[in-house]
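Please look over the sequence and the structure shown here.

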Amino acid sequence: MHIPKDWFVSKREMIADLKRDLQTLDAQQIIQYLSDRYGEKAVFSTSFGIEDQVITHMLAESQAKTSIFTLETGRLFPETYYVWNRTLERYKLPIKAYYPNTTAVEHMVTEKGPSSFYESVENRKECCYIRKIEPLKRAIQGYEVWITGIRAEQSPNREDMDFVEWDDANSIIKVHPLFHWTLADVEDFLKRNNVPYNPLHDKGFPSIGCQPCTRAIRPGEDFRAGRWWWEDRSKKECGLHATK
């Protein structure tokens, strides 16, 4: 399919304009701006990690029209369901759950067993695609802006991102309001505002995904070291936010 050159120019200009509008705003102001400008065309993805809890609190405070969704992979920690329920009780915001395609999961598990992701990178990526990537594409379909809780210091891969960017794979604008926040900034916000959070964060889990693929990190280890720890340490992404 031929895509006109003007299309790429307009996207670059749109991102540049949006970045210029947002660069002097703090995170709460960014969320308010996106709500005012995009309304129901903006969506926020939460995995109930501490960064996502900060943004959920800000969305509630600003009474934003932004929709919220989560990816229910079927392999989450009990503690994740705990903070999910506490979040619903505290903020009274609807959070839509997207599940993987049942037929795809059935086929994968029948053919390769329930723990095939340990056997090869290809198998792990297949599991991530079925349980996360494909449901994500359904979740963000029809929206113009996707808000995330990404911070630059979370991994080398994320340092290469920008706080406003065009996601070519999903044809959507991505905005990361907490991009320049430190871990200390996040923790301070949680304490000051009594925000509910996953208790695993107090047990050495800075990054929390599916239970079979996440462990606590050891002293001195990288933020993402606990994710897919049996693989190459150079990249710790499932594909939701990979830049390449």
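In this predicted model, helix H5 meets helix H6 through Ala104, Val105, Met108, Val109 and Lys112 on the H5 side and Asn123, Glu126, Cys127, Ile130 and Arg131 on the H6 side. The residues of this contact comprise 6 nonpolar, 1 polar and 3 charged.

**How H5 and H6 pack**

- Two packed helices are described by the angle between their axes and by the distance between those axes.
- H5 covers residues 102-112 and H6 covers residues 121-140.
- Because angles over 145 degrees count as roughly antiparallel, H5 is roughly antiparallel to H6.
- The crossing of H5 and H6 is left-handed.

**Where Thr214 sits**

- Thr214 belongs to the segment after helix H8, which spans 183-193.
- Is Thr214 buried or exposed? Its relative accessibility is 6%, so Thr214 counts as buried, the cut-off for buried being under 20%.

**What surrounds Thr214**

- The side chain of Thr214 comes to 3.2 Å from the backbone nitrogen of Gly209.
- A polar atom of the Thr214 side chain also lies 2.8 Å from the backbone oxygen of Cys210.

Methods
Residues are numbered from 1 along each chain as its sequence is written. This is a predicted model: local features need pLDDT of at least 70, side-chain atom pairs count only at pLDDT 80 or more; totals for chains, interfaces and linings use all residues. Side-chain values use heavy atoms; hydrogens and water are left out. Helices (H or I, at least four residues) and strands (E, at least two) are DSSP runs, numbered from the N terminus. Buried means under 20% relative accessible area, exposed over 50%, partly exposed in between (1.4 Å probe, protein chains only). A polar contact is a pair of N or O atoms within 3.5 Å; within protein, one must be able to donate a hydrogen and the other to accept it, and residues adjacent in sequence count only if both atoms are side-chain atoms. Axes are lines fitted to C-alpha atoms, for helices over the stretch in contact, and angles run from 0 to 180 degrees between N-to-C directions. Angles under 35 degrees count as roughly parallel, over 145 as roughly antiparallel, 65 to 115 as roughly perpendicular and the rest as oblique. A crossing is left-handed if the near helix is turned anticlockwise from the far one by less than a right angle, and right-handed if clockwise. Contact means heavy atoms within 4.5 Å. Ala, Val, Leu, Ile, Met, Phe, Trp, Tyr, Cys and Pro count as nonpolar, Asp, Glu, Lys and Arg as charged, and the others, Gly among them, as polar.
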